[in-house]
Amino acid sequence: MAASDATTARSASGAGLSPGLILAFVCMGQFMVFTDVSIVNLALPSIQEGLGMSEVSLNYIVTAYATVLGGFLLLGGRLADTFGRRRLIQIGFVIFALASLTSGLAENGTMLIASRAVQGFGAALITPAALAILTNTFAEGPERNKALGVWGSLSGIASIVGVILGGVLADTWGWEWIFWINVPIGLGAAVLAPRILPESKAEERGKFDTLGAVTLTAGLLLLIFTLGEATTVGWDTFRTIGSLVGVVVLLTAFVVIEAKVASPMMPLRIFRLKTMRVANISAVLVFGTFGSLFFFASLFMQQAFGYSPLKAGFAYVPLAFSVAAGAGIASGLVTKMAARPVVMMGLTLTVAGLLLMWRAPADGSYVVDLLAPFILLGLGCGMVFVTLQIAAFVGVTDEDAGVGAGLINTSQEAGGALGLAVVATIAYSGMSTEMAATGGKPELIAEVHEAANHDAFLSGAMLGTVALLVVTFLMPRGKQSMSSAPAEAGEGPALVKADAEK
């Protein structure tokens, strides 16, 4: 029996449909999940007015979703491998839709924040299951590279579309509709899934690793929440230091558990794949760079350029088109060369764009000072996202597809939280003193905001440079690591060994 037959069980339902339709379906789910990461940003003032929320509590509308999403991704991936990827994606869509309904119906901040957390849990079931279905549908090589190119580009595009859509809906139909728009989409997707998607899961299932699931999920939840809070409570506080110690204890316990249990939540063998390892390390740095970019670019346009939230949202449109163009370029290049030079090109464009943003004056114009860096950043974003998604699955078996999907998405979420926490700490250092010295004069306040945002862009460029160095010196150079055909039965271990030794 072939290796893929031994590890993967597929139902006949959906098997006759085209791979293109399967790709469109799973990408729709990914687009919905990532749109909701940013869709609330421009609607926050309307939500605050409607629910009477404080400035502090507004932050949790964003972080509740992101924290639960990032914390449960690996658990969602292993659940998908164990109980069925199509089944998990259906459950995820239903949870996401119902939580979106209660978010729009929220009568107070507590209800909204709790609903956003449940939304994040539904998203954590959808994303790794959808990505695992994609990688099982397309064979490793050019076909999978193109499919992952489409998937990878959606992360950047959806985040930008979310900002624009949130501003439009909040200004027209009301902030509730940024959540209610998901209800028919999510429930419709859950109903259509059996007609479109094949079922797949690991055929040989052992006892579910409950203790490993608890320690890992708790560790990731605590990590992402702590990073998000560090800029508010401070890095040197007992709360932050104690939480980080707790993270180390939980994740260390997880590794010990995984090394001993018969059916681990995350098989440690997956880390033998060097391309996958470096892709995930790079993703932490890259998403840290872009997470801080999108946050501070939005503030910069409103604080330094005086844009309204809606105008700032539409200013991102060229960046969105550039992300799509970069993704298309990368999808073509990775069939001809290794991941390393493609990621290096993307990161070089990214760093160049951030350095241009660093030099953009507060009294400048969009066409002269923002358009060029946005185009460079979009191209870099598309090239890097796509290539890292592909590299993260090189050598990963069908049996571990869910874990691989959960791992790369967790790296992205944790990286985004880490990058924003570090860059915000640098940018806002001493800002309260500087604001007090302005005496309330608008021109001096604008200068303080300009300096803080410039510090953020320079810090982001430095983070991108570190990512560039990691890729340059650690990522495998061989072309075969990206474009090789899938191994025949019995060849898998050899390929894994070869990749691990590069």
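Trainee: How many disulfides does a search of the whole structure find?

Mentor: This is a predicted model, in which local features need pLDDT of at least 70, side-chain atom pairs count only at pLDDT 80 or more, and totals for chains, interfaces and linings use all residues. Residues are numbered from 1 along each chain as its sequence is written, and side-chain values use heavy atoms, with hydrogens and water left out. A disulfide is a pair of cysteine sulfur atoms within 2.5 Å. For the whole structure, the number found is zero.

Trainee: Is Cys-381 buried or exposed?

Mentor: Buried means under 20% relative accessible area, exposed over 50%, and partly exposed in between (1.4 Å probe, protein chains only). The relative accessible area of Cys-381 is 0%, so Cys-381 is buried.

Trainee: How many aromatic pairs does the structure hold?

Mentor: Rings of Phe, Tyr and Trp (its six-membered ring) pair if their centres lie within 6.5 Å; planes under 30 degrees apart count as stacked, over 60 as edge-to-face and the rest as tilted. By this rule, the number of aromatic pairs is 16.

Trainee: Why do Tyr-60 and Phe-225 count as stacked?

Mentor: Their ring centres are 6.4 Å apart. The pair counts as stacked because the planes lie at 25°.

Trainee: What kind of aromatic pair do Tyr-366 and Phe-374 form?

Mentor: Both residues, Tyr-366 and Phe-374, are buried. Their rings are 6.3 Å apart, centre to centre, with 75° between the planes, and the pair is edge-to-face.
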